[in-house]
Amino acid sequence: MLAAPSNPIPQWPPFVASAPGKAILFGEHAVVYGKAAVAGSLSMRAYALVTPRTDGLMRLCLPDIDIDTTLGALPSAAAIASLAHPGDVATLLSAALLPQEGPGRTAMLTFAYLAGALLPASVRQSGLTLCVRSLVPVGAGLGSSAAFSVSLAAALLRLGGRVSAADSAEERQLVDQWAFRGEQVAHGTPSGIDNAVATHGGFLAYTRGSSPRQLGAAHPTRVVICDTRVPKSTRALVAGVRALRDQHPAAIDSIMDAIGALAEDAAQRFADPSAERLEDHLRGAVALNHALLAALGVSHPALERMRVISAAHKMPAKLTGAGGGGCALALVPQAGAASEVAAVCAELAAEGFACYPTVVGGAGIECAARVGAESVAAWVERVAGGGCEDLADAFAALSADALAELAPPVLRKLIH
Ligand SMILES: Nc1ncnc2c1ncn2[C@@H]1O[C@H](COP(=O)(O)OP(=O)(O)OP(=O)(O)O)[C@@H](O)[C@H]1O
Ligand SMILES: C[C@@](O)(CCO)CC(=O)[O-]
């Protein structure tokens with residue numbers, strides 16, 4: 001068990017912990033079976049604003065999923081430590097407090113687990129408001145749950161005095177470990193790749209059970225992420241692949257080996273100083289990886305339609321995440337014109353898909369009580385137009401464009 005909370009911050013100003021979504025470039029599903037996967041962080045991020053209270057309440061304000069609620073007593077750290085699996089946290093809470101099912105239930109359980117384990121007594125007594133806003137679409141295969149868990153774990157660890165800016169290797173490792181437990185609450189048996197990318201940022205090669213490896217010079221890669229808006233369940237898709245493997249073990253294991261080989265090869269090539277050579281390689285490998293995933297039964301007609309459209313614009317694409325709907329990513333040639341990206345997005349939008357032209361390979365977790373020269377509180381008040389009674393309410397109402405201003409400066413340079 002990880003060490004108990006220590007050295008709490010006695011008085012604290014509002015601060016924001018933010019973590020990115022992820023796109024898996026190679027290796028989804030095979031990673032569950034011990035193969036390598038390569039993933040990168042997105043410029044789309046979750047932002048958790050934490051503000052102090054004095055009434056002892058825990059307010060959880062999650063406007064993206066229509067939750068604004070106040071939790072009474074949290075489970076004790078000892079009760080959390082005694083659980084056989086983080087997902088059992090529901091047994092420590094009153095059923096009347098929780099929605100029966102859905103994103104709200106999962107998010108509240110994740111919060112109860114991490115806050116119960118990590119919040120020091122002083123903050124439990126005084127209370128807090130947590131408001132999470134995210135530009136990562138929920139449940140689309142872009143790691144919204146990991147972005148949520150990582151920003152939450154970092155915020156709570158900071159309140160316990162165990163993390164400050166979350167910028168050292170030690171602090172990041174701690175955030176990653178706790179965020180993984182948050183992911184276990186949400187997903188049962190996740191591989192850990194999503195929380196590793198959301199914590200460390202850049203590009204990572206990951207094999208279950210080993211520490212993630214940061215990759216090479218990591219040329220930031222232009223992509224179009226396309227959300228087919230077809231709902232999917234990661235848990236059900238992973239279970240479906242397992243059932244297929246039970247029926248055809250040798251064949252499915254060969255597919256897993258092939259996917260793993262593509263990921264390993266790509267991981268090596270990320271060290272290539274030539275962005276052109278890397279791009280050439282990735283374009284072929286992406287198409288091949290998608291074909292193998294389709295053989296596992298995790299594609300969907302909407303994903304195939306997306307691939308046809310993007311291929312016509314010379315942008316090879318693959319599903320990213322669990323598949324079964326959700327998202328695909330198309331590689332944009334580094335020399336591709338903005339008009340070509342706009343054209344492919346317009347065609348995809350005409351199919352009812354949501355498009356996000358973005359960059360893979362940006363920053364990981366960040367924790368800060370300042371935005372440039374301003375305090376977080378002053379920044380929220382100014383951007384919200386001033387006169388806010390409640391900082392969390394103002395934050396909840398900010399536009400997506402305003403939120404994007406909170407992205408780390410390095411990332412903002414890449415996006416614009
Ligand atoms: N903006 C948010 N506010 C609150 N909770 C969130 C938010 N975004 C994600 N979550 C939490 O994450 C869960 C979504 O997890 P899910 O695995 O379905 O999607 P994903 O992480 O986007 O996809 P994948 O795991 O395939 O990448 C939600 O049910 C909720 O608990
Ligand atoms: C499908 C999967 O490989 C990726 C989901 O983003 C599941 C996992 O790794 O936990």
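Guide: In this predicted model, a backbone N or O atom of Pro103 lies 3.2 Å from an oxygen atom of ligand 1. Such a pair is a polar contact, that is, two N or O atoms within 3.5 Å; within protein, one must be able to donate a hydrogen and the other to accept it, and residues adjacent in sequence count only if both atoms are side-chain atoms. Gly143 also places a backbone N or O atom 2.8 Å from an oxygen atom of ligand 1. From Ser144, a side-chain N or O atom is 2.7 Å from an oxygen atom of this ligand. On its own, ligand 1 exposes 630 Å², and the protein buries 91% of that area (Shrake-Rupley method, 1.4 Å probe; for residues, only the protein chains shown count as cover).

The shell around ligand 1 holds 21 residues, of which Asp64, Gly143, Ser144, Ser145 and His187 are the closest; a residue belongs to it if one of its heavy atoms lies within 4 Å. By class, this shell has 8 nonpolar, 9 polar and 4 charged residues. Here Ala, Val, Leu, Ile, Met, Phe, Trp, Tyr, Cys and Pro count as nonpolar, Asp, Glu, Lys and Arg as charged, and the others, Gly among them, as polar. Helix H2 (103–118) and helix H4 (144–159) each contribute at least two residues to the shell; helices are DSSP runs (H or I) of at least four residues, numbered from the N terminus.

The second ligand has its own surroundings. A polar side-chain atom of Lys22 is 3.1 Å from an oxygen atom of ligand 2, and a backbone N or O atom of His29 is 2.9 Å from one. In the side chain of Ser191, an N or O atom lies 2.8 Å from an oxygen atom of ligand 2.

Residues are numbered from 1 along each chain as its sequence is written, while chains are lettered from A and ligands numbered from 1 in the order in which they are written. Local features need pLDDT of at least 70, side-chain atom pairs count only at pLDDT 80 or more, totals for chains, interfaces and linings use all residues, and side-chain values use heavy atoms, with hydrogens and water left out.
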